[in-house]
Amino acid sequence: MDEIKRLNLSFNLQRENDRNAYNIIKSKRQKTAYIIKAVLAYEGVTQEEKDLKRIKRAIREVIKEMKLTADKHCDFTEESQIPDEIFQIFDSI
């Protein structure tokens with residue numbers, strides 16, 4: 001089984017986006033590594049993106065569970081404590 005795959009890409013240099021992308025990729029010394037990082041970052045699948053999404057989801061859940069609401073000045077209308085589970089999530093990241 002072949003573990004290494006190749007892709008052939010075509011760029012129409014008359015289109016500005018294609019030309020810019022082509023010039024950027026062409027200038028990179030390690031093109032494959034650069035493209036891998038760029039695609040993963042664009043798709044939001046880097047570990048950092050996953051962690052950020054996880055934190056946002058946890059905060060939303062806490063706000064929803066605590067039934068917190070804020071006025072237009074972002075002042076919370078209910079005094080509550082943030083559950084310890086939330087801090088455990090942050091510690092695990």
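What is the volume of the largest pocket? About 490 Å³, where a volume is the space filled by probe spheres set on grid points joined across faces, edges and corners. A pocket here is an open set of points on a 1 Å grid over the protein atoms alone, where a 1.4 Å probe fits, with protein on both sides within 12 Å along at least five of seven lines; lining residues have an atom within 4 Å of a point.

Before you click around: this is a predicted model, so local features need pLDDT of at least 70, side-chain atom pairs count only at pLDDT 80 or more, and totals for chains, interfaces and linings use all residues. Residues are numbered from 1 along each chain as its sequence is written, and side-chain values use heavy atoms, leaving out hydrogens and water.

Now select Leu7, Leu9, Lys31, Thr32 and Ile35: of the 15 residues lining the largest pocket, these are the closest to its centre. Next, colour α2 (31-43), which gives the most to this lining, with 5 residues. Helices are DSSP runs of H or I, at least four residues, numbered from the N terminus.

Hop to Arg6, in the segment before α1 (16-27). Arg6 counts as exposed because its relative accessibility is 78% (exposed means over 50%, with a 1.4 Å probe and protein chains only). Draw a C-alpha to C-alpha distance from Arg6 to Thr32: 10.0 Å, across 26 residues of sequence.

Last stop: the second largest pocket, about 230 Å³. Select its lining, including Phe11, Ala21, Tyr34 and Tyr42. α2 supplies the largest share, 5 residues.

Key
Helix = DSSP H or I, 4+ residues; strand = E, 2+ residues; numbered from the N terminus. Buried < 20%, exposed > 50% of the residue type's maximum accessible area, 1.4 Å probe, protein only.
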